[in-house]
Amino acid sequence: MSDPVAKNPVVRLRDLRRSFSQGGVTIDVLRGVNLEIRPGEIVALLGPSGSGKSTMLQAIGLLEGGFSGLIEIAGTNASQLSGDDRTALRRDHLGFVYQFHHLLPDFNAIENVVLPQMVAGKTRGEAETRAAELLTALGLAKRLDHRPSQLSGGEQQRVAVARALANRPEMVLADEPTGNLDEATADRVLEEFLKLVRGEGSAALIATHNERLALRMDRVVRLHEGVLE
Ligand SMILES: Nc1ncnc2c1ncn2[C@@H]1O[C@H](COP(=O)(O)OP(=O)(O)OP(=O)(O)O)[C@@H](O)[C@H]1O
């Protein structure tokens, strides 16, 4: 028998709206987005440049204010939380991968994956074991002590993937995670990313321009004129 509680969506958006005003002009970027992502589900977010994909990921990532509507993460209504509680919700449930790796330049690969775990309260030993396991699964066993500048673009993104998964988030948010890589490398990194996310049982929402890569995910949603179709 399946557990009904486990079927609660890990993310639920209801009538999410966001407008930006610039120079007296208001642009309504998100005009009532509705979305539910189930545990373990991997969803591709497609949409032309400027359609609001990053804006939507920032909303779910609780990184920006200015939104109206419901944003629920793991059953908690995020809009009613204080700043500290939002930070805790983000830290406990979400992982992030961006187009550019944002790794700490003065720390090596394993340290970049260890640090967020120590912030979350793990011991160094536990964190190092987990980091080594993730980086090894991503083919970086021989690169653990390399700094970001000593890694290729694909390797840097793999470290960023390991960092995002380090604290076992229920949901990974990825904004063009392979957007700055050549096609062959992008394919390989995405393949490994999806395999690892599936293996971990995390859900993911992955913004991409690439229709072909989107087809490898469980579901595709498209932002068009401020709503999902
Ligand atoms: N802080 C801001 N101030 C004003 N306008 C903004 C701001 N952030 C985003 N926008 C506008 O909102 C729209 C959506 O931007 P967003 O970055 O979410 O699109 P996107 O789909 O992620 O685009 P891309 O695929 O090019 O990354 C754009 O027209 C952008 O100019």
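Start at the ligand: its shell splits into three nonpolar, eight polar and one charged residues (Ala, Val, Leu, Ile, Met, Phe, Trp, Tyr, Cys and Pro count as nonpolar, Asp, Glu, Lys and Arg as charged, and the others, Gly among them, as polar). Before going on, note that this is a predicted model, where local features need pLDDT of at least 70, side-chain atom pairs count only at pLDDT 80 or more, and totals for chains, interfaces and linings use all residues. Numbering runs from 1 along each chain as its sequence is written.

Now select the shell itself: Phe20, Gln22, Ile27, Val29, Gly47, Ser49, Gly50, Ser51, Gly52, Lys53, Ser54 and Thr55 (a residue is in if its C-beta atom, placed from the backbone, lies within 6 Å of the molecule). Color by element, and you'll find that β1 (11-22), β2 (25-37) and α1 (53-60) each give two or more residues. Helices here are DSSP runs of H or I with at least four residues, strands are runs of E with at least two, and both are numbered from the N terminus. Which element gives the most to this shell? That's α1, with three residues.

Next, jump to α3, residues 109-119. Ala109, Ile110, Asn112, Val113, Val114 and Gln117 are buried there (20 or more other C-beta atoms within 10 Å of their own, C-beta atoms being placed from the backbone). Show α4 (124-137) and α5 (153-165) too, since those are what the buried residues of α3 pack against (contact is C-beta atoms, placed from the backbone, within 7 Å).

Keep α3 and α5 on screen. Their axes are 8 Å apart, at an angle of about 20° (axes are lines fitted to C-alpha atoms over the stretch in contact, with angles from 0 to 180 degrees between N-to-C directions). The two helices are therefore roughly parallel (under 35 degrees). To see the contact, pick Ala109, Asn112, Val113 and Pro116 of α3 along with Val159, Ala162 and Arg163 of α5. By class, that's five nonpolar, one polar and one charged.

The axes of α4 and α5 come within 9 Å and cross at roughly 135°, which makes α4 oblique to α5. Select Ala131, Leu134 and Leu135 of α4 with Val159, Ala162 and Leu165 of α5 for this contact. It has six nonpolar, no polar and no charged residues.

Terms used
A residue is buried if 20 or more other C-beta atoms lie within 10 Å of its own, exposed if 12 or fewer, and partly exposed in between; C-beta atoms are placed from the backbone. Two residues are in contact if their C-beta atoms, placed from the backbone, lie within 7 Å. Angles under 35 degrees count as roughly parallel, over 145 as roughly antiparallel, 65 to 115 as roughly perpendicular and the rest as oblique.
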